[in-house]
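Please examine the sequence and the model before reading each solution.

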Amino acid sequence: MSETDAEIPLTHIHVAPDDAPANAPAVFVLHGRGADEEDLLPVARELPDDMHVVSLRAPDRLQGGYTWYELDLSGGGLHESQPHAEQFRRSLDLVAESVDAAVEAFDLDPGRLGLLGFSQGAITSMSLLLENPGRYRWVAALHGYLADSHADLDPDDIEGTPVFVGAGEGDRVIPVTRAEAAADRLREAGASVTFETYQAGHGIGPDELADLVAFVEEHY
């Protein structure tokens with residue numbers, strides 16, 4: 001089911017809408033640590049059916065799945081972890097290059113691109129937004145935090161960009177306080193942030209999915 005395209009650096013799954021018009025909107029999906037490009041497809045399939053879905057696979061193997069980067073635990077363990085700096089930089093570049101290539105390969109509307117990330121994918125998505133906010137119409141970052149490497153970025157053109165940040169009250173991998181801090185910082189930078197918490201652990205439950213779908217339907 002996955003595709004490898006010489007034009008697109010990362011292995012991916014591309015799901016095109018039926019009778020897709022030229023210049024259609026798209027969502028780029030970034031999975032979490034240890035998962036793969038199929039993991040979030042059930043979530044993506046709940047989004048508006050006139051969108052292209054491009055689900056990207058992280059570059060490095062991890063057990064039965066893949067990872068965007070290893071963890072830097074020097075700050076005090078999992079709850080204070082940060083992305084490995086060099087691997088994070090490589091993945092950010094690979095995703096950005098894959099987005100650009102997919103726009104050309106699949107005839108996507110460059111003004112209607114969204115990012116949907118979970119956990120490591122959410123961390124990556126928020127950093128990509130801060131690096132190049134003009135590239136993305138909206139971002140949904142579920143159960144992630146804002147990497148220290150990007151916390152001080154203050155881009156001019158992020159003003160008003162819709163961002164959905166979801167967190168689990170029972171999340172033992174990424175505490176709700178880290179997700180809330182990310183939402184606060186993005187709001188401070190000028191994004192239009194929706195922050196919601198759920199009675200959930202490190203996963204996407206039905207209430208969070210419903211809120212995500214409503215957010216995307218409003219902003220895509």
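**Exercise 1.** Determine which side chain forms a polar contact with that of Arg135, and describe the setting of Arg135.

*Solution.* Step 1: the side chains of Arg135 and Asp100 are joined by a polar contact of 2.7 Å (a pair of N or O atoms within 3.5 Å; within protein, one must be able to donate a hydrogen and the other to accept it, and residues adjacent in sequence count only if both atoms are side-chain atoms). The model is predicted: local features need pLDDT of at least 70, side-chain atom pairs count only at pLDDT 80 or more, and totals for chains, interfaces and linings use all residues. Residues are numbered from 1 along each chain as its sequence is written, and side-chain values use heavy atoms, leaving out hydrogens and water.

Step 1: Arg135 is placed in the loop between α3 and β10 (138-142); helices (H or I, at least four residues) and strands (E, at least two) are DSSP runs, numbered from the N terminus.

Step 2: Arg135 counts as buried because its relative accessibility is 17%, where buried means under 20% relative accessible area (1.4 Å probe, protein chains only).

**Exercise 2.** Identify the strands that pair with β3 (residues 24-30).

*Solution.* Step 1: β3 runs parallel to strand β9 (residues 108-118), with six bridges between them; pairing requires that DSSP finds at least two bridges. Ala24 has Leu108 as its bridge partner in β9.

Step 1: five bridges link β3 in the parallel sense to strand β4 (residues 52-56), where Val53 stands opposite Val27.

Notes:
Buried < 20%, exposed > 50% of the residue type's maximum accessible area, 1.4 Å probe, protein only.
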